[in-house]
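Please look over the sequence and the 3D model below before reading on. The paragraphs after it take the parts in turn.

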Amino acid sequence: MIATIIWSVIGITLASLAVLFGVRPLRRALVSRPIFRTYKRILPQMSETERVALEAGTVWWDGELFRGDPDWKKLLAYPVPQLTAEEQSFMDNEVEQACALVDDWQVTSELHDLPADAWQYIKDKGFLGMIIPKRYGGLEFSAYAHSQIVTKLSTRCSALSVSVMVPNSLGPAELLLHYGTEAQKSHYLPRLAKGLEIPAFALTSPWAGSDAGSIPDVGIVCKGTWQGKEVLGMRVTWDKRYITLGPVCTILGLAFHLYDPDGLLGGKKHVGITCALVPRDTPGAEIGRRHFPLNAMFMNGPTRGKDVFMPLDYVIGGPAMVGQGWRMLMECLAAGRSISLPSSNTGMAQLTARTVGAYARVRSQFKMAIGRFEGVEEPLTRIGAYTYMMDAVRKMTAGAIDLGEKPSVVSAIAKYHVTERARQVVNDGMDIVGGKGICLGPSNFIGRAYQQIPIGITVEGANILTRSMILFGQGAIRCHPYVLKEMKAAFNPDAQEGLHDFDRALFGHAVFTARHAFSALRKGLTGSHFVSVPANVAPETRRYYQQLTRFSSAFAFLADISMLVLGGELKRREKLSARLGDILSMLYLCSATLKRYESEGRQQADAPLMHWAMWDAMYKAQMAFDGAIANFPVRWIGRLLYRMVFPLGHPYDVPSDRIGHRVAKLLIEPSAARDRLTAEAYLPKGESEAVGALELALLATIEAEPIEAKIRNAERKGLLVDNPDANVRDLAHAAFAAGIVTPAEYAVLKRRNELRDIVIHVDDFPHDLGRAQQKPLLHKAAA
């Protein structure tokens, strides 16, 4: 009887809920309407700049990760980016030659600029117009080719790579392509493509910093005299800093707030952020001084102007585009951020992997190559695996641009995590190289990279800001299938239409959350072993796809609960938001890594790189879950979340030392896998350059190792006892004199020793560091 009553009550309750939620008019009246009213009241007001930033760009693979059940077939079906024959020829010839024209020590310590012939070469060969269509005289290269070129240039000299990547990133050329008038395109684009114009773009203000929408720079619409005629124009005042190529630019892109107090353009007093093109010789424009960014000698500096009059024709897109500057910038930002910093920092990592790996084999201590010590293997492992993952992220994200995407969240993930991993890679490299690394000079192959790493961390959205406010803050709204719909419904001026839209989104959201709550728990209880993955993936990666699907479901559930409990307060909970962003980021980094492994033919020699990178990222995602849950503001909900996400405990420990050993070993010996890992590294020939000497010394060291083993055996037998030449420097001579090695073997050892001594050499200078003989700075080489 009791059981019957209980089941009757349950049945009646379920039936009532079915009627309540299944009959839409009843559901809207009794459930959605009161929630809608509360939601509208507590939803933070959104400024126009915030709205434009949120709606800019496109949702790509990040949307799949946010939905909790990624379609791995879709990931594997994305085309693998390839260079055309023309682009490959450019890489093999023009890019090689550009690298050969530049010596980083000369640039950073003597010229403080690129050599004049290097500047002329990159202008003449079209490096500054890679994104410009051929009909305007540009190269019209793909985003992938752009990325490949910047990566290689970055392995040679930061001033070279930055001088090339900035004109091809967010700036005048891209803005003109998308928004310029035909007259503006016809005039400027051919000149930019040929290097007759050097572009720069000025956005950052000393008083606004990363809050670019708050720039105080102002233009006032007015009439004035221009070239002898009275025209409608604007009087603009600006003060900008950190403007790359600013000191040498001939055309300045400028962002400012435009006001129309006299109504000359209409009734709107604050027209909005506007972008204009200002020629360098415009009266009143102050351009020319430079900053000094950590010995990275790319041109960068401030620009100012006070009440500078310019016609409305200077606005990019003409008078029709006044007030549209913020939308223009946000729509174009994703492409530049997807390529420039991920590419340049990946290049830095490739150079570190190539050179530090070789150095760790050439340099010996305690009668053993330092790369064979377990303590050195640990940082070598990070260098190799992180470089593999960074390159995977770079290529996949550049490929998205070529597919027509403008992935705003993905570009932020790529920028943040590639630059952070580059910081770890270069720091690890410095630890291995040791004293040689901290003494600058022509033979130091890593010191400048170490100095300049913070630049990538800081620019195009400081990493602290990106992690704590953008990755999840923007991702949650853009990528979630329902949140943006709910927000748009709340802001709909038609209250009835807004309620209808909100009702559909709200209950779709409720089903979404419930489904992923049960999915996360089920996958946790079963260890995700029953998750289906495409049959054609590599068997050795199958478990990664399953665990990533599990983590994606758990992330979707955790994100929803966080937004439900905290609402608008989540925007101010930056630590929680950052950890949620870390989870999303690790899922993307792992996706790119698996995509690379498949697209490169499942190279078994590369498998240790893939496995260690994947395991490390999955462990970091797990720790980000822990951090978010342990610090959840409502403690009992946090405990419940942990039981649902990790019902059987953590699936991941730190990556295996056994796999790490294989990664480190890969870096210290020549192989096809090592060449693939560092494929874009510029490798000068000959021993006169530090990198060239390392390449030769590595080969000579490997050739000499069997002979050294022969000498060590003789030492153990006491054949070199009491010989004063039997020391680490002169051992080869002592062994030859004692008849232990043949003349041919001695020649091998001598050549190895010559190259070894070049590699371990540390530069020294006069007491004044050569300032007395230093040539005048060539600040005007690029003009």
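**A walk through the model**

All twelve of the twelve residues of helix α9 are buried, so α9 is largely enclosed by the rest of the structure. Buried here means under 20% relative accessible area, exposed means over 50%, and partly exposed lies in between (1.4 Å probe, protein chains only). Helices (H or I, at least four residues) and strands (E, at least two) are DSSP runs, numbered from the N terminus. The buried residues of α9 include Ala 143, Tyr 144, His 146 and Lys 152. Helix α9 covers residues 143-154, and its end C-alpha atoms are 16 Å apart, which agrees with the 16 Å that twelve residues should span at 1.5 Å a residue. The expected span is 1.5 Å times one less than the number of residues in the helix.

This is a predicted model, in which local features need pLDDT of at least 70 and side-chain atom pairs count only at pLDDT 80 or more, while totals for chains, interfaces and linings use all residues. Residues are numbered from 1 along each chain as its sequence is written, and side-chain values use heavy atoms, with hydrogens and water left out.

Just after α15 comes Gly 434, with a positive phi of about 70°.

Positive phi values also occur in residues other than glycine. Asp 307 has a positive phi of about 50° although it is not a glycine. Asp 307 sits in strand β7, residues 300-311, and is partly exposed with a relative accessible area of 39%. Glu 460, another residue other than glycine, has a positive phi near 50°. Its place is in the loop between α17 (447-458) and α18 (463-470), and Glu 460 is partly exposed at 29% relative accessible area.

The strands come next. Two strands pair if DSSP finds at least two bridges between them. Strand β2 (residues 218-226) pairs with β3 in the antiparallel sense over nine bridges, and Thr 225 has Glu 230 in β3 as its bridge partner. The hairpin of β2 and β3 has two residues between the strands, and there Gln 227 takes a positive phi near 50°. With β4, strand β2 pairs in the parallel sense over three bridges; Val 218 stands opposite His 257 in β4. Strand β4 (residues 251-259) in turn pairs with β5 in the antiparallel sense over nine bridges, where Ala 255 stands opposite Cys 275. Strand β5 (residues 270-279) is mostly covered, with nine of its ten residues buried.

How many disulfides does a search of the whole structure find? The search finds zero, a disulfide being a pair of cysteine sulfur atoms within 2.5 Å. Cys 157 is in no disulfide, and the nearest cysteine sulfur, that of Cys 99, is 9.1 Å away. Cys 332 is in no disulfide either; the nearest cysteine sulfur there is that of Cys 275, 9.1 Å away. Cys 332 is buried, with a relative accessible area of 1%.

Salt bridges are present. A search of the whole structure finds 34 of them, each being a side-chain nitrogen of Lys or Arg within 4 Å of a carboxyl oxygen of Asp or Glu. Glu 695 lies in helix α28 and Arg 354 in helix α13 (residues 325-362), so the pair ties together parts that are 341 residues apart in sequence. Arg 354 counts as buried at 7% relative accessibility. Helix α28 (residues 690-716) also holds Leu 694, whose C-alpha atom is separated by 6.8 Å from that of Tyr 359, 335 residues apart along the chain.

Another salt bridge lies within one helix. Asp 616 and Lys 620 have their closest N and O atoms 2.8 Å apart. Being four residues apart in helix α24, Asp 616 and Lys 620 are separated by about one helical turn. Asp 616 counts as buried at 6% relative accessibility, whereas Lys 620 counts as partly exposed at 32%. Finally, Asp 391, Arg 394, Lys 395, Arg 596, Glu 600 and Glu 680 are linked in a network of salt bridges.
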